[in-house]
Amino acid sequence: MSAPKLIIKNLSKNYLLSNNKTVTALKNFNLKVFPGEFVSIIGPSGCGKTTLFNIIAGVEEQTLGTISLDGNIENSRRGKFGYMFQDPLLLPWRTIKENLILGLDIKKVSKEIAFKKALSLLKEFNLEKYEDQYPLVLSGGMKQKVSLLRTLLFNDSFLLLDEPFGALDQITRYSLQLWLKQVLKKFKTTTLFITHDIREAKLLSDRIIKL
Amino acid sequence: MKKYQSSFILIIILLLFWEIYVRAGFINMRILPPPSHIFEALYSHWNSLLPHVLQTLLETIIGFLIATILGFATAILLDISPKINKTIYPLLIISQTVPIIALAPLLLLWFGFGILPKIIIVVLYCFFPIAIAGAGGLSQTKKQFMKLLKSMDASYWQGLSLVRLPSSLPSFFSGLKIAATYSVAGAIVGEFVGAYQGLGVYIQQAANSYSISLVFASIFIIIILSFIILKTVTIVESFYKY
């Protein structure tokens with residue numbers, strides 16, 4: 001078996017409240033994720049799933065513990081994961097292809113190369129007809145597809161998907177689950193996935209963890 | 001144009017009512033001339049009015065543009081750090097408690113009768129709504145967007161230019177529209193206090209010679225100028241998709 005891609009050791013997160021009391025959002029959390037693996041994290045609301053993702057992505061700092069990526073302890077993890085949310089967060093003033101290259105703009109990739117990559121990705125998933133459309137005309141499911149492709153274009157080696165289909169109806173949700181499977185198979189992406197839906201976790205995952 | 005149809009009809013009705021009311025003798029025509037006399041005065045005095053209109057328009061446009069740049073820059077400055085925000089914001093609020101009309105004579109003393117004090121007064125009228133609306137828009141960036149930007153390791157300026165500034169444009173344009181309606185009034189206030197030319201001067205001259213029709217004609221032009229500036233802002237806004 002290959003070495004783990006991600007190792008989380010004794011991760012804890014406490015929040016200091018305004019009355020000087022502390023609240024523990026995560027306590028001694030441990031996890032190993034192997035390359036290409038799809039791991040779902042399930043748990044009730046408020047159990048710290050999103051906090052865990054925020055810490056992994058470097059959006060928040062942990063109180064204790066370490067996170068290693070590809071064998072190295074990473075203290076600054078921003079930009080090293082593709083992080084996708086329940087809200088597709090598409091920019092309404094940008095066309096679909098312009099939305100796709102947001103992460104590449106931040107990485108200062110030239111526009112020409114960025115658009116080339118975006119168009120080839122849209123073509124690969126039969127979405128090229130939407131390249132010059134604005135998000136306003138897309139359905140909820142389509143918006144999530146574009147959001148996922150944007151995340152992949154930014155980082156296709158490790159995805160953090162925080163309930164990406166949580167706001168969709170059952171039929172759209174099921175078709176997107178199948179689509180996600182197909183996309184991740186192509187990219188061989190390592191994925192951590194948060195969901196409330198045990199059936200969704202079962203359908204998509206190699207492993208399910210309860211937080 | 002269709003969406004303004006009802007307003008247009010209401011204006012026509014009010015003008016007709018005004019015309020009939022005055023012509024019926026309920027009020028002295030010398031005190032309140034009917035609209036027909038006002039438009040007649042506007043037409044016959046247009047040549048003498050035009051240089052004043054252009055002067056006021058010039059002061060308004062320059063002042064409004066400077067206020068836009070300053071307001072925009074201040075909004076970003078307020079956003080850069082909470083420390084700067086806490087230092088500058090109270091000063092901005094205090095500055096608004098000073099009636100600008102009280103500053104006008106001072107500006108006249110310091111900068112003379114030329115165009116400069118009028119431009120400064122327009123800037124003072126327009127700057128505050130632009131800066132506050134812009135800063136408000138920037139501070140209201142969705143938390144999720146901030147998270148997305150952080151996760152992508154975007155710098156402050158990248159986040160600002162790629163996401164936060166464009167998403168704050170609706171708020172920024174609201175401020176611009178409020179400022180647009182103040183701008184012409186600002187120039188008129190400056191001209192009232194002391195000027196060689198401009199609609200403020202013309203109104204004073206007309207009032208001193210009891211030409212009430214010309215005072216109303218000038219007010220009508222002020223409304224049109226304000227409307228043109230407001231409409232220009234709306235047209236610029238329509239180029240942005242958000």
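Asn28(A) is found in strand S2 of chain A, which covers residues 22-33. In this predicted model, Asn28(A) has a positive phi of about 45 degrees, although it is not a glycine. Most residues other than glycine have a negative phi. Where does Lys108(A), another residue with a positive phi, lie? Lys108(A) is in the loop between helix H3 (102-106) and helix H4 (111-124) of chain A. Its phi is about 60 degrees, and Lys108(A) is not a glycine either.

Are Asn28(A) and Lys108(A) buried or exposed? Lys108(A) is exposed because 8 other C-beta atoms lie within 10 Å.

**Chain A as a whole**

Chain A contains seven helices and nine strands. Its radius of gyration is 18 Å, close to the 17 Å that the globule rule gives for 211 residues, so chain A is as compact as a globular protein of that length. Along the principal axes, the C-alpha trace of chain A spans about 50 × 45 × 40 Å. Of the 211 residues in the chain, 39% count as buried. Contacts in chain A between residues at least 6 apart in sequence can be sorted by separation, and 71% of them join residues at least 24 apart.

**The sheet**

Five strands of chain A form an open sheet with parallel pairing, in the order S6-S7-S8-S3-S9. Which strands are at the edges? They are strand S6 (82-84) and strand S9 (207-210) of chain A, and each pairs on one side only. From one strand to the next, the twist averages 15 degrees.

Within the sheet order, S8 and S3 stand next to each other. Strand S3 (residues 38-42) and strand S8 (residues 190-195) of chain A pair in the parallel sense over five bridges. Ile42(A) has Thr195(A) in S8(A) as its bridge partner.

**Helix H1**

Helix H1 of chain A, residues 49-57, lies across S3, S6, S7 and S8 of chain A. The helix runs at about 150 degrees to S7(A), the strand of residues 158-162. How many of the nine residues of H1(A) are buried? Nine of the nine are buried, and the helix is mostly covered. Among them are the charged residue Lys49(A) and the nonpolar residues Leu52(A), Phe53(A), Ile55(A), Ile56(A) and Ala57(A). Thr50(A), Thr51(A) and Asn54(A) are buried as well. After H1(A) comes Gly58(A), whose phi is positive, near 85 degrees.

**Where chain B touches chain A**

On the chain B side, 16 residues are in contact with 19 residues of chain A. Two elements of chain B give two or more residues to this side: helix H7 (143-151) and helix H8 (156-193). Which element gives the largest share? The largest share, six residues, comes from H7(B). By type, the residues on this side of chain B divide into nine nonpolar, three polar and four charged.

Technical notes: Residues numbered from 1 in each chain as written. Chains lettered and ligands numbered in written order. Predicted model: local features only at pLDDT ≥ 70, side-chain atom pairs only at ≥ 80, totals over all residues. Buried ≥ 20, exposed ≤ 12 C-beta atoms within 10 Å, placed from the backbone. Helix = DSSP H or I, 4+ residues; strand = E, 2+ residues; numbered from the N terminus. Contact = placed C-beta atoms within 7 Å. Rg over C-alpha atoms; globule rule 2.2 N^0.38 Å. Pairing = 2+ DSSP bridges. Axes fitted to C-alpha atoms, helices over the stretch in contact; angles between N-to-C directions.
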